[in-house]
Amino acid sequence: MTTAFYAGLLAILFIVLSFRVIAKRNQYKVAIGSDGQVLLERSIRVHANFAEYVPFALLLMFLAEYSGLAPLYLHILGIALVVGRLSHAFGVSQQQEPLKFRVFGMILSMLVILAAAFACIVLYALRSGWLL
């Protein structure tokens with residue numbers, strides 16, 4: 001159930017990012033694409049990047065949880081994913097992008113995916129008798 005909590009938090013963030021894209025589209029009167037509007041393009045990419053990485057991270061977290069990963073580790077992964085996505089969204093949303101926020105956000109997101117994948121592999125190996 002731990003992953004469900006973070007899925008809920010991240011779903012709210014996804015909706016916020018969606019509304020930011022909608023607001024920019026209304027502001028610039030652009031229905032499709034970005035029409036060269038830099039801030040609209042940045043909002044679109046923040047939203048799209050979120051949609052590209054978060055579902056896979058949550059899936060791996062769920063599978064690790066289902067496989068028996070302790071709630072403490074799931075909370076660490078979940079917090080890291082939320083902080084990473086917030087950092088990425090903040091950095092990429094700026095017209096004069098402070099690259100450190102984008103990089104930090106992507107590193108955290110990738111580490112969550114990597115750690116959850118590793119947990120899935122190790123937990124499977126332990127339950128299958130491959131280790132020990």
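L86 is partly exposed, with a relative accessible area of 44%; partly exposed lies between buried, under 20%, and exposed, over 50%, taken with a 1.4 Å probe on protein chains only. The model is predicted, so local features need pLDDT of at least 70 and side-chain atom pairs count only at pLDDT 80 or more, while totals for chains, interfaces and linings use all residues. Residues are numbered from 1 along each chain as its sequence is written, and side-chain values use heavy atoms, with hydrogens and water left out.

L86 belongs to helix 3. Its C-alpha atom is 21 Å from that of R25, a residue 61 positions away along the chain.

The chain as a whole has four helices and zero strands, where helices (H or I, at least four residues) and strands (E, at least two) are DSSP runs numbered from the N terminus. In sequence order the pattern is α-α-α-α. The C-alpha trace spans about 60 × 25 × 20 Å along its principal axes. Of the 132 residues in the chain, 38% are buried. Among contacts with a separation of 6 or more, 64% join residues 24 or more positions apart; contact means heavy atoms within 4.5 Å.

Helix 1 covers residues 2-28, and its 27 residues should span 39 Å at 1.5 Å a residue; the end C-alpha atoms are 40 Å apart, which agrees. The expected span is 1.5 Å times one less than the number of residues. Which residues of helix 1 are buried? They are T2, T3, Y6, L10, L13, L17, S18 and V21. These buried residues pack against helix 2 and helix 3 (71-93). An α-helix has 3.6 residues a turn, so residues three or four places apart point the same way. After helix 1 comes K29, with a positive phi near 60°.

Helix 2 has 29 residues and reaches 42 Å from its first C-alpha to its last, close to the 42 Å expected. G68 follows helix 2 and has a positive phi, near 110°.

Two packed helices are described by the angle between their axes and the distance between the axes. Axes here are lines fitted to C-alpha atoms, for helices over the stretch in contact, and angles run from 0 to 180 degrees between N-to-C directions. Helix 1 and helix 2 pack at about 165°, with axes 9 Å apart. That makes helix 1 roughly antiparallel to helix 2; angles over 145 degrees count as roughly antiparallel, under 35 as roughly parallel, 65 to 115 as roughly perpendicular and the rest as oblique. The residues of this contact divide into 18 nonpolar, five polar and four charged. Nonpolar covers Ala, Val, Leu, Ile, Met, Phe, Trp, Tyr, Cys and Pro, charged covers Asp, Glu, Lys and Arg, and the others, Gly among them, are polar.

Helix 2 (residues 38-66) also packs with helix 4 (residues 99-128), at an angle of about 30° and with axes 8 Å apart. The two helices are therefore roughly parallel to each other. Helix 2 contributes N49, Y53, F56, A57, L60, M61, L63 and A64 to the contact, and helix 4 contributes M106, M110, V112, I113, A116, A117, A119, C120 and L123. By class, this contact has 16 nonpolar residues, one polar and no charged.

A117, in helix 4, is partly exposed, with a relative accessible area of 23%.
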